[in-house]
Amino acid sequence: MGLENTVFESLPDVLTVKLDSVINWARKSSLWPATFGLACCAIEMMNTVSARNDLSRFGAETFRASPRQADVMIVSGRVSRKMAPVLRRIYDQMPEPKWVISMGACATSGGVFDNYAIVQGVDKVVPVDIYVPGCPPRPEMLVHAITMLQEKIMKESVKDRRDTYEPESRESIVPGTLPVTEGTALERETEIEVAENQVSRPYTIPSKHERRRSS
Amino acid sequence: MHKGCSNIFHALTSCGLLQRIDMTEKLHEFVEKLRSENTAWVTKVIEGHGEVTVITSRESIVDACRSLKDKHGFDMLADLCGCDRGPEEDPRFEVNYHVFSTKHHNRLRLKVVLGEDDPHVPTVTQIWKTAEWHERETYDLVGVIFDGHPDLRRILLPSDFDGHALRKDYPLRGYEPYSLN
């Protein structure tokens, strides 16, 4: 009757699959968005999670206020020029793998706010995966964006996000966080270097994944 | 009094129109008190919409505010804002001080007009502490410089912003190019 009966009858005990497909399947099934509500689009984003348009049907309902625990940043609303560095910093604080959804006309292109105060498209600050049009988009559209993102995740390869072995990415530290301490020779060297010469470390180094997308 | 007139009088009183006239009379009393204290404090008086505006010079704004607060009970600075009349106007900028009394519930507006080449006005932060952020906002958006302000820097716009955004000759899209770093 249930899955237990049908699967064991039709499939063998051991399956051989691509690692990418398994990891991507796990990643896409449990997306944790960061709450980045900036304007009226955020109301629709909240509605997307609530009972009528239940986003948990697609496994993306666990909104987190901490970027350390989030996979997806849903930029919902207009990004002011003063907010842009904050947005970038929150994006930098999110651990890989991470994706960005630009929700609404303002986040995508500045919308009607073609003026000095608003960033004309959030893709000038962070790399965007999915753009959602609308002013504001209906919750169904955001649900569709999430499912589109899931399709996109399934096409990814795990190798694309492997960037921790580059020495320059080790040198970047985010202010307010402790540096990586794994005890490797490389790490000790940079620590001594910093202690002796007070080398100013860059605020952030774009990841390999990000550089590939921006090029 | 004619009976019809009396009805109108009652109607006006009941809807508060006559009371408003009384309010401006009371405000004019305050203006006269200011004028009797120092004639230089009151350059011009404007009345409209049941409000009274006193135009004063920048040399006397601090003394007039001090007198209004200490002697006449205007203990609250409800708002302090700047205004750009446009680059073609000669006294281009104005700074408006909206003072309110929590004791006798009156509102009065003081106004200082400033030329474009010398947009300086002394600060009133030593009288009302709340003026500090209001003056920062006015400096940020209009570009009026408040002499003696303890911490005059931008408050709303990014710190590396070029220009003053609410000036009439500021381009809507800002000065290009602007870096996002």
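This is a predicted model: local features need pLDDT of at least 70, side-chain atom pairs count only at pLDDT 80 or more; totals for chains, interfaces and linings use all residues.

What follows covers the cores, then a sheet with its helices, then the chain contact and one tryptophan.

Residues are numbered from 1 along each chain as its sequence is written, while chains are lettered from A and ligands numbered from 1 in the order in which they are written.

**The cores**

The largest nonpolar core has 37 residues. By nonpolar core we mean buried Ala, Val, Leu, Ile, Met, Phe, Trp, Tyr and Cys residues joined through C-beta atoms within 7 Å. Buried means 20 or more other C-beta atoms within 10 Å of a residue's own, exposed means 12 or fewer, and partly exposed is in between, with C-beta atoms placed from the backbone. Among the residues with the most contacts inside this core are Val72(A), Ile74(A), Val75(A) and Met103(A). Several elements of chain A each supply at least two residues, including strand E2 (72-76) and helix H6 (139-154). H6(A) gives the most, with five residues. Helices (H or I, at least four residues) and strands (E, at least two) are DSSP runs, numbered from the N terminus.

Beyond its neighbours within four places in sequence, Val75(A) is in contact with Phe36(A), Leu87(A), Ile101(A) and Val122(A), among others. Contact here is C-beta atoms, placed from the backbone, within 7 Å. A second, separate core holds 30 residues, with Phe30(B) and Tyr97(B) among them.

**The sheet in chain B**

Five strands form an open sheet in the order E1-E2-E5-E4-E3 (chain B), with mixed pairing; two strands pair if DSSP finds at least two bridges between them. E1 (44-48) and E3 (76-84) of chain B are the edges, each pairing on one side only. E4(B) and E5(B) run antiparallel, joined by eight bridges, and Phe93(B) stands opposite Leu114(B) in E5(B).

| Helix | Touches | Angle |
|---|---|---|
| H4(B), residues 131-141 | E3 and E4 of chain B | about 10 degrees with E3(B) |

Nine residues from chain A meet seven residues from chain B.

Trp133(B) is in helix H4 of chain B. Why does Trp133(B) count as partly exposed? Because Trp133(B) has 14 C-beta neighbours inside 10 Å.

Key
Two residues are in contact if their C-beta atoms, placed from the backbone, lie within 7 Å. Axes are lines fitted to C-alpha atoms, for helices over the stretch in contact, and angles run from 0 to 180 degrees between N-to-C directions.
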